[in-house]
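Please read the following note alongside the sequence and the model. The points below concern the disulfides.

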Amino acid sequence: MAPPVVQLLFLQLVLGPALVENIQLQLAIKNFRILHIDYPKVNYAKGFRGYCNGLMSYVRGRQQSWYCPKIHYVLHAPWTAIKKFCKYSESFCENYNEYCTVTQDSFPLTVCSLSSKQPPTSCHYTSTLTNQRLYLLCSQKYDAEPIDIIGLY
């Protein structure tokens with residue numbers, strides 16, 4: 001009776017952290033697709049007062065946070081076009097403790113920036129449409145997927 005219990009305990013101690021880490025990584029990939037890719041681009045109702053105000057209300061709801069992010073990047077390109085740049089990410093970004101890469105192609109995107117003159121309890125954003133290369137965080141070194149956008153190039 002004791003050996004199966006010991007084996008189960010061993011498996012939980014050894015495999016448990018790996019499973020939790022894998023679940024967190026899969027969640028980061030899913031959140032990237034949901035929060036940073038809007039293709040084809042949606043149109044928000046006039047009541048939202050612009051694309052970024054509508055989008056950022058969705059982002060804050062999805063993150064279950066009242067915090068107003070200062071900047072948020074939204075790509076208007078297919079997932080497959082972005083995903084390929086994390087296939088081989090040779091660079092390691094120590095500040096983020098993740099592998100990272102710069103895309104070779106430019107992508108259409110909207111930069112949502114928090115407006116500076118507003119009451120602290122509200123979040124109002126300005127939209128800037130641009131076409132730029134991206135700094136991406138990748139889920140691992142090889143055969144990876146994007147997990148965040150850390151800047152524009």
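1. To which residue does a disulfide join Cys93? A disulfide, meaning a pair of cysteine sulfur atoms within 2.5 Å, joins Cys93 to Cys100, with an S to S distance of 1.8 Å. The torsion about this S-S bond is about 90 degrees, so the disulfide of Cys93 and Cys100 is right-handed. Both Cys93 and Cys100 are buried, where buried means under 20% relative accessible area, with a 1.4 Å probe and protein chains only.

2. This is a predicted model, in which local features need pLDDT of at least 70 and side-chain atom pairs count only at pLDDT 80 or more, while totals for chains, interfaces and linings use all residues. Residues are numbered from 1 along each chain as its sequence is written, and side-chain values use heavy atoms, with hydrogens and water left out.

3. The sulfur atoms of Cys86 and Cys138 are 2.0 Å apart in another disulfide. Cys86 lies in the loop between helix 3 (79–83) and strand 2 (91–93), and Cys138 in strand 6 (residues 134–138), so the pair ties together parts that are 52 residues apart in sequence; helices (H or I, at least four residues) and strands (E, at least two) are DSSP runs, numbered from the N terminus. With a torsion of about -70 degrees, this link between Cys86 and Cys138 is left-handed. Cys86 is buried at a relative accessible area of 0%, and Cys138 is buried at 0% too.

4. Cys68 and Cys123 also form a disulfide, with their sulfur atoms 1.6 Å apart, and the link is left-handed, at -65 degrees about the S-S bond. Both Cys68 and Cys123 are buried.

5. In total, the structure holds 4 disulfides.

How values were computed: Buried means under 20% relative accessible area, exposed over 50%, partly exposed in between (1.4 Å probe, protein chains only).
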